Amino acid sequence: MKRSAETATATPDARGYFGEYGGRFVPETLVPALDELEAAFSEAMADEEFLGRFAQLQATYTGRPTPLTYASRLSEHLGGARIWLKREDLAHTGAHKINNAMGQALLAQRMGKRRIVAETGAGQHGVASATVAALLGQDCHVYMGSVDIARQQPNVFRMRLLGAEVIPVESGSRTLKDAINEAIRDWVTNVRDTFYLLGSALGPHPYPLMVREFQSVIGLEAREQVLDASGQLPDVCVACVGGGSNAIGLFHAFRNDESVDLIGVEAGGHGIASGAHAARFADPSLGRPGVLHGTRSFVLQNQDGQIMNTHSISAGLDYASVGPEHAWLRAEERAHYTLATDEEALTAFQTLSRLEGIIPALESAHAVAEAIKRAPTMPRDSVMLVNLSGRGDKDLDTVIQQLEGEL
Ligand SMILES: *Cc1c(COP(=O)(O)O)cnc(C)c1O
């Protein structure tokens, strides 16, 4: 392992770099706003009252700690490592996204900003943002590509029911990438009274750090729970990687446990050869270092640096870049990254449903797919921890279309 203890603890550096990844690539007008955000965030994280309020809402509203479930039938079926599931699917709104949305919304309140803007792809982060904005009495505006609005109607309705305004984005491919561009544009224009509530471990510094800290509760809880339940640290932790927030939230607590292997699973879509995927790390011809949405990381791009269109069966993994800390963890060989295809995720989706009575989000099913491949290669006394980032109710329409006739 190349990593030195020093670089592992001091990340990101003062300029927001994880090694050569991260930083701040934004228009001049946003720099004071990011400075203000960075200062407010570090003050908040040192303020017992803020942390106490956050912890209290996590316990009484989000439903934390989420349980750790031993997947006994899945483990038995695979005949190798014993598998534990961290149940973020049981958090309010059905996924880990509320951890970050709650932290940022409380920070917005502390900064005296009542107007929230957010971006959303499938609508999960939009729903989490609209939820906490309703809880805290904030005015929430969610940018969403018109293509996504058409295919994610139930979440659009949820956001409106929660009192948020959903703003259709008609530029570019009219999906997540374009929604982020519009949310940033709004923030630049209205920076005085507006807080940009970003949904993953992405964007300009301090967002990747801030999102990691708000999500790190996942790993902090799970590390203690798995020690209690199994009497040992896991041999391997597995999580799916879209922007990378649920994965970094799990990995962070284990970063100094050298014996614990950290595995991120990207969306392999129809396979690398097809070009229809969102595997930023696994496709060396399209995935290269580059800048997207204010941060330097691995980006799927063509020879001219044009951002590629991506594909995944799971909307939450369908993004051309990845959080900069993951690019760094990979370069340091502290974490390893693999992929699961649409087909493998669909199989895992059904396997977990039948063997454990848990219908996972299609995103989370990518992590389960890796567990299905890896567990049989591990000894029976070994321990695998899988982050179940969300529940699958939102994906039923997609799965019904795919499995038509089979069920
Ligand atoms: C959004 C989402 C993801 C992907 O986002 P990350 O930032 O990579 O965690 C994964 N799982 C679920 C359930 C999601 O809603």
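## The largest pocket

In this predicted model, α14 (342–356) gives the largest share of the lining of the largest pocket, 5 residues. The other elements that each supply at least two lining residues include α7 (146–151), α8 (153–161), α9 and α16 (396–403). Helices here are DSSP runs of H or I with at least four residues, strands are E runs of at least two, and both are numbered from the N terminus. A pocket is an open set of points on a 1 Å grid over the protein atoms alone, with protein on both sides within 12 Å along at least five of seven lines, and lining residues have an atom within 4 Å of a point.

The space in this pocket comes to about 1,000 Å³, where a volume is the space filled by probe spheres set on the points, with grid points joined across faces, edges and corners. Of its 42 lining residues, R151, Q152, S312, I313 and A315 are the closest to the centre. By class, the lining splits into 12 nonpolar, 19 polar and 11 charged residues. For these classes, Ala, Val, Leu, Ile, Met, Phe, Trp, Tyr, Cys and Pro are nonpolar, Asp, Glu, Lys and Arg are charged, and the others, Gly among them, are polar.

## Ground rules

Residues are numbered from 1 along each chain as its sequence is written. As this is a predicted model, local features need pLDDT of at least 70 and side-chain atom pairs count only at pLDDT 80 or more, while totals for chains, interfaces and linings use all residues; side-chain values use heavy atoms, with hydrogens and water left out.

## Cavities

There are 3 cavities of 30 Å³ or more, a cavity being a set of points where a 1.4 Å probe fits but cannot get out. The largest cavity holds about 430 Å³ of space. It has 32 lining residues, and K97, G199, G243, G316 and L317 sit closest to its centre.

At least two lining residues come from each of β5 (115–120), α6 (124–136), α9 (176–189), α12 (245–251) and α15 (362–374). The class tally for this cavity is 10 nonpolar, 17 polar and 5 charged.

## Where α5 meets α10

The axes of α5 (residues 97–110) and α10 (residues 207–215) come within 8 Å and cross at roughly 115 degrees. Axes are lines fitted to C-alpha atoms, for helices over the stretch in contact, and angles run from 0 to 180 degrees between N-to-C directions. On the α5 side the contact (heavy atoms within 4.5 Å) uses K97, N99, N100, G103, Q104 and L107, while α10 brings Y207, M210, V211, F214 and Q215. These contact residues divide into 5 nonpolar, 5 polar and 1 charged.

As for α10 itself, 8 of its 9 residues are buried, meaning under 20% relative accessible area, with exposed over 50% and partly exposed in between (1.4 Å probe, protein chains only).

Two cis peptide bonds are worth a look: R64 to P65, with omega near -5 degrees, and H205 to P206, with omega near 15 degrees. P65 is in the loop between α3 (48–62) and β3 (68–70), and P206 is in the loop between β8 (194–196) and α10. H293, in the loop between β11 and β12, has a positive phi of about 50 degrees although it is not a glycine.

T295 lies in β12 (residues 295–300) and is buried, at 1% relative accessible area. Beyond its neighbours within four places in sequence, T295 is in contact with G22, G23, F25, G203, G290 and P324.
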